[in-house]
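Hello,

Here is the structure I said I would pass on. My notes follow below it.

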Amino acid sequence: MLEHYGTALALGIVGFLLMYAAFIIQKLVGPKNSTDVKLDTYECGEEPEGETWIQFNVRFYVIALIFIIFDIEVVFLFPWAVVFKDLGFLTFIEVFVFISILVVGLAYVWKKGDLQWVKMKLKYGTGRYSASNLLEKENLKEAA
Amino acid sequence: MADLIFWLFWGLTVASASIVAFSKNLIYAVFSLLGTFIGVAAMYIFLNADFVAVTQIVIYVGGILVLLIFGIMLTNRITQTVISESSFQKMFGLTVVFAVLIMVLIPVLGHTWTNGEPMAFQETIHQIGTLLFTDYILLFEVASILLLGALIGAATLARKER
């Protein structure tokens, strides 16, 4: 049994080393003629705006919390999947009840709008997504 | 070989835990918590608790750590705030730490340890699954109600911020 974990550990170590090898090789053989534009943060081809540190919307936190609850649910389902063949259909009903109770929670957060995505609006920021700019766009739409 | 790996993971756990405790940068602290969690998962594997080890990785590394990083991302003006640097009530903290240390050391030193044959490694998930769906089925269903309560409570508390 323990040697199986040895395989997993070896896989992890090889993955870790491969990642670092990629960095080291590019550092050794890659040409070093950087310009300001090249060193700029890559933002899907757009010019980067604002600071690196922005305050995240609290809604992401709620979504992460919901994720953890269903993460734990999956942990409970895993032993069920292993023993399902031995224990039969009764466990299916048991798990059905288990998931039904949690679906109530999902319906609750869904209805309350916690899963709704938000339009990004920087209150004090500048640029495309700042509140004043978005307001301008909305006004233009209304005028048209 | 197994002993060597055990001590390597011991070193990883202790080293990254001390970075968590002493780092002045909150982001470094959170990321080195990753090493602590993985080291503890390795300890579980050495204790023949494979299911707990996988659970440790799935929930703590995959969930709690992400939540902690989100918590830092949510912090207003993170670059200006110094949160983990300051420590206060040092005397009181030291007293509590030593009290806990003595409480742990008394049973450890009082116990006579035997160097028996280590238990053969075997997978535990079958046993856990069988017990969970026969003897402890009520607790299994109660756990879902607990999770439901946690979900609704967390969503309600976090939503009030807006």
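What share of the 144 residues in chain A is buried? The share is 20%. Please keep in mind while reading that this is a predicted model.

Chain A

The secondary structure of chain A consists of 5 helices and 0 strands. Read from the N terminus, the order of elements is α-α-α-α-α. Three domains are assigned in chain A: domain 1 covers residues 2-29, domain 2 covers 57-112 and domain 3 covers 117-144. Between the C-alpha centres of domain 1 and domain 2 of chain A there are 34 Å. If contacts in chain A are limited to residues at least 6 apart in sequence, 47% of them connect residues at least 24 apart.

Where chain A meets chain B

About 4,600 Å² is buried between chain A and chain B, and 81% of that area lies on carbon and sulfur atoms. On the side of chain A that touches chain B, the elements giving two or more residues are helix H1 (2-29), helix H3 (58-87) and helix H4 (89-111) of chain A. Of these, H3(A) contributes the most, with 24 residues. In total, 47 residues from chain A and 51 residues from chain B take part in the contact. As for polar links, 2 residue pairs are in polar contact across the interface of chain A and chain B, both at pLDDT 80 or more. Salt bridges between chain A and chain B number 0.

Chain B

Helix H2 of chain B takes in residues 26-46, which is 21 residues. At 1.5 Å a residue it should span 30 Å, and its end C-alpha atoms are 31 Å apart, so the two values agree. Just after H2(B) comes B:Asn48, which has a positive phi of about 70°.

One residue in chain B that I looked at in more detail is B:Ser16, part of helix H1 (residues 2-22) of that chain. Is B:Ser16 buried or exposed? Its relative accessibility is 6%, and buried means under 20%, so B:Ser16 counts as buried. The side chain of B:Ser16 comes to 3.3 Å from the backbone oxygen of B:Thr13. Leaving aside residues up to four places away in sequence, B:Ser16 is in contact with B:Ser32, B:Gly35 and B:Thr36.

Regards

Terms used. Residues are numbered from 1 along each chain as its sequence is written. Chains are lettered from A and ligands numbered from 1 in the order in which they are written. Side-chain values use heavy atoms; hydrogens and water are left out. Domain bounds come from an automatic or database domain assignment. Helices (H or I, at least four residues) and strands (E, at least two) are DSSP runs, numbered from the N terminus. The expected span of a helix is 1.5 Å times one less than its number of residues. Buried means under 20% relative accessible area, exposed over 50%, partly exposed in between (1.4 Å probe, protein chains only). A polar contact is a pair of N or O atoms within 3.5 Å; within protein, one must be able to donate a hydrogen and the other to accept it, and residues adjacent in sequence count only if both atoms are side-chain atoms. Contact means heavy atoms within 4.5 Å. Buried area is the accessible area (1.4 Å probe) that two parts lose on being put together, summed over both. A salt bridge is a side-chain nitrogen of Lys or Arg within 4 Å of a carboxyl oxygen of Asp or Glu.
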